[in-house]
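Here is a short briefing on one protein chain. The sequence and structure come first, then the notes by topic.

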Amino acid sequence: MDSEALKKYSALHPKPAGLTLQYGTAGFRTKAEQLDHVMFRMGLLAVLRSKAVVSTIGIMVTASHNPEEDNGVKLVDPLGEMLHPSWEEYATQLANAEEGELQRIITEICQKAAVNHHKDASVFIGRDTRPSSEKLSQSVIDGISVLGGQYHDYGLVTTPQLHYMVCCRNTHGQYGKATLEGYYEKLSKAFTELIKQSPSSGESQRHLKIDCANGIGALKLSEMESYFPEEVLIHLYNDGTKEKLNHLCGADFVKVHQKPPRGLDMKPNERCCSFDGDADRIVYYYKDATGHFHLIDGDKIATLISIFLKELLAKVGQTLKMAVVQTAYANGSSTRYLEETLKVPVHCVKTGVKHLHHKAQEFDVGVYFEANGHGTVLFSKAAETKIRQLAKEEKDDEKREAAKVLENMIDLINQTVGDAVSDMLVIEAILALKGLTVQQWDAIYTDLPNRLLKVQVADRRVIDTTDAERRAVTPPGLQEKIDALVKNYKLSRAFVRPSGTEDVVRIYAEADTQENADALAHEVSLAVYHLAGGKGAPPQPM
């Protein structure tokens, strides 16, 4: 390591005084102007990680569904998964180090993580469409170059596309070609094969309106359009030419506000969906004949995919173990439907995609979606090998055809991470193959009314939880209070959890009516305010 060069370049990316940041599930995120030093240092860290695991590492410059003036960065591990937890700590140390400590902290990381300096380092870089992203990814490149790493800059890509490229590179092309064309070809080929099987194939063009959150999704879908079969007609809205990224639009806006995005005109019973700013989340929605808005969130997406996969697995006659992974935010109706009607095991884990992804890896087929629309399906190596073998060699026609459909599904799904483009194509293929309208999909089960609130507290760490965040351990008396309040309402449950990034406590409540869900959420928020050190005026009823 050239300490003079490190000193010189580090001085060009100075750390603002008094700023401390924490690497979380979403990497680092804050106002763009405060991130220059972080980007430079994540370039350094990516080189160290690459040498430690002797693989290509990814760096994505994005703040996903955050406002346009924010930005962020996350590292991608060799198989397209999130950064290993032990390295999250190194990232936090490096980002917060004072100028004079950089050299020492890098040396310490190298010792702890057994980094071999003689190995080459390779880093893939991608960025979203924020005005600040290009300059910040240049700071990443400075960091990589100082430590002598090689890099490939993909420029503007969706977050899932970068995850995909990293996985392709490290599996030596087994997962696919590490190019955008490779990504488009793999997905569109599998999608076209599936659509061919649909009962109404070629008869009606399938119109879908897509809100692209004024983000990268619009750019990449336009590039991909020529790869789609002509039965598919997608109409892009909020394509970034006029409005600000994520402003009053995008998956997060639609999910939180339970209303259509600005800039998308909906007619009754039209199928619509929204991506978020970096295109790793998706939610669907429609308006019924009376003008009432219906949201189809991650829970309903997971249910649709589970129904479809379960039918196919039954047809191929294999005893493959399938499960759905949810968080405490999943609607109670979805859990009940999956367990009682579909007879698919459901596992609940802590909030955060890395927890869902990790749990889903334990099954032959693991379906996971957060309610916010972020999710995917994972197939174990053994399951994938078995399915591909049956698609080739199975003598029974029906079994072989079912295996072929499963094989195309495996190719259509981006297993590295939730991917709005891939998930949209999976959903469109399933709706076509099952001949379902968006209303029929929505009617599979009815969501229990629910309410999300937050309460400001002096210190979020006073709340500690257990049972996948469904029960509060501290402060004393809070869980007992919540239990007593829940007993007053039908079909109800409520839980509280500290935010990962700010001093607020998030409250979730559901019950048999919206009025009861609102009342329960308010009562729980008062309990949190009084028992967990609430700040400002007490919460008011809705």
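**Coiled-coil region and domain contact**

Residues 380–415 are 81% helix and 0% strand, and the C-alpha atoms at the ends of this stretch are 10 Å apart. Helices (H or I, at least four residues) and strands (E, at least two) are DSSP runs, numbered from the N terminus. This is a predicted model: local features need pLDDT of at least 70, side-chain atom pairs count only at pLDDT 80 or more, and totals for chains, interfaces and linings use all residues. Residues are numbered from 1 along each chain as its sequence is written, and side-chain values use heavy atoms, with hydrogens and water left out.

**Annotation**
- An unreviewed UniProt entry places the feature "coiled-coil region" at residues 380–415.
- UniProt positions follow the numbering used here, feature names are shortened, and annotations may be inferred rather than shown by experiment.

**Domains**
- The domain assignment gives domain 1 (3–156), domain 2 (178–446) and domain 3 (450–531).
- Such bounds come from an automatic or database domain assignment.
- The C-alpha centres of domain 2 and domain 3 lie 31 Å apart.
- Their contact (heavy atoms within 4.5 Å) takes nine residues from domain 2 and 11 residues from domain 3.

**Interface of domain 2 and domain 3**
- The two domains bury about 930 Å² between them, 52% of it on carbon and sulfur atoms.
- Buried area is the accessible area (1.4 Å probe) that two parts lose on being put together, summed over both.
- Ala328, Tyr329 and Cys348 lose the most area on the domain 2 side, together 55% of what that side buries.
- Zero salt bridges are found across this interface (side-chain nitrogen of Lys or Arg within 4 Å of a carboxyl oxygen of Asp or Glu).
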